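Hello,

Here is the structure I promised to send over. My notes on its helix packing follow below.

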Amino acid sequence: MSKVLVTGGAGYIGSHACKALKSAGYVPVTFDNLETGWEDAVKFGPFEKGDLLDRDRLDAVFAQYAPVAVMHFAALSQVGESMSNPGRYWRNNVTGSLTLIEAAVAAGCLDFVFSSTCATYGEQDNVVLDEDSAQHPINAYGASKRAIEEILRDFETAHGLRHVIFRYFNVAGADPDGEVGEFHRPETHLVPLLLDAIDGKRDALTIFGTDYPTPDGTCIRDYVHVCDLVDAHVLGLKWLEDGKGSRVFNLGTGSGFSVREVMQQSRSVTNREVPYSEGPRRAGDCTKLVSGSRRAIAELGWSPDRSTLDTMIRDAWRWHQTGHYEK
Ligand code: UFG
C-alpha cells in the first residue's frame, strides 16, 4: 500500500486526514512534534515524532517509508498569536515548510498537498473570494502561508514539485464516529469555545467585536466540516497521481455565518443558553471571509455534504461530550 507522509497528523485536521487516507487505501505516516498535537489522535498508521526544522530527522523518515506524497498540515495557526509573536510563525511555518519541501525533493517525493488558508486573501471589502483573488494577508499567520505557496511554485519550476494548495475557510465539526475531533490547548476557535461555555467548562464566550460592518455587527466566516475538508485532500492526492498538475482550490461552501448566527445555531443544537459577553475586536481578524468558488466541486468532484452549520455543530457537540484528550 502507498504511504503518505502526513505532517501534523496528530492535530485536529491531520488526524481526520489520516483516517480518510486509511479508508482510501493509503498508509498515513504521521510526522508531528506533538507541540500542538496529541499522540492519542494517531490511530490510523505509524507515528514518527519529529520537528520540521530537523532536516536529518526528515531525511531519515523519507528514507524509511519512501512515501509517494506529502500532506503538509503541521503549522502554528493562531491569528492572534501570529500578530504578537510573528517570528515564531515565520520560523515554524515558513522555515519549517522550506526544510520539509527540500527534504521531499531530495527524496524524490514530488507530489505535495498543502494546507493553506483563506487568511492569505486578507481584507477585501466584502467581495467573495475565488482562487484568483489578490492575496493581501493582514496577519502574520496568513502571510506565512502565502510565503509557503510561493516556495511551492518556485520548487515546481526548479525541481518539478507538483502541488495542490487548499485554502481553507473555517474548519469545524468532528469525525461522526467519535474517533478523533477538535482539541487545542489553548483553544482559540469559535465552535469549541462556544461549546465549552455552553457546558460550563469556561465562564463565557467573548464576542470579538460587535461593530463590524455586517448585518449584526459580528464577523462573518464560511464554515466547512473537517470530514469534507479531508475528503478534498484525498481527491487532491488522486488529482496529482492522475498527472493533472499543480492547482489551487478554495475549500469553503460559499455561505457565510456571523458569530451571532453560530451562537444561535449552537443554542438550538444543544438546547442550552450560551453565556457570552461582548468584547473589543481581535487584532488580525477580517470582517468577512467567504469562498466565492465552486472549483473544488467542479474539478475535483468534491461534495461537502456534511458542511451545514447544523451538522458541524452537532458533530462537534457529540465529540465535545466524550471529553476526549482531557486527561
Ligand atoms: N471569535 C469570537 N470569540 C472567540 C473566538 C473567535 O468572537 O473567542 C470570532 C472571531 O473573531 C472570528 C470567528 O469567531 O470572527 C472565527 O474565529 P476563529 O478563531 O474560530 O477562526 P478565524 O476566523 O480566526 O480563522 C483563521 C483563518 C483560518 C485558519 C484559522 C486558524 O481564517 O484560515 O484562523 O486559527 F484556519
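Helix H6 passes helix H10 in a right-handed crossing (the near helix is turned clockwise from the far one by less than a right angle). H6 covers residues 190–198 and H10 residues 309–322, and they pack at about 55° with their axes 10 Å apart. Axes are lines fitted to C-alpha atoms over the stretch in contact, and angles run from 0 to 180 degrees between N-to-C directions. The two helices are therefore oblique to each other (under 35 degrees would be roughly parallel, over 145 roughly antiparallel, 65 to 115 roughly perpendicular, and the rest is oblique). Val-191, Pro-192, Leu-195, Asp-196 and Ile-198 of H6 make the contact with Ala-316, Trp-317 and His-320 of H10, where contact means heavy atoms within 4.5 Å.

A word on the source: this is a predicted model, in which local features need pLDDT of at least 70 and side-chain atom pairs count only at pLDDT 80 or more, while totals for chains, interfaces and linings use all residues. Residues are numbered from 1 along each chain as its sequence is written, and side-chain values use heavy atoms, leaving out hydrogens and water. Helices are DSSP runs (H or I, at least four residues) and strands likewise (E, at least two), numbered from the N terminus.

The other pair is H4 and H5, packed at about 20° with axes 9 Å apart. That makes H4 roughly parallel to H5, and their crossing is right-handed. Just after H5, Gly-160 has a positive phi of about 75°.

Best wishes
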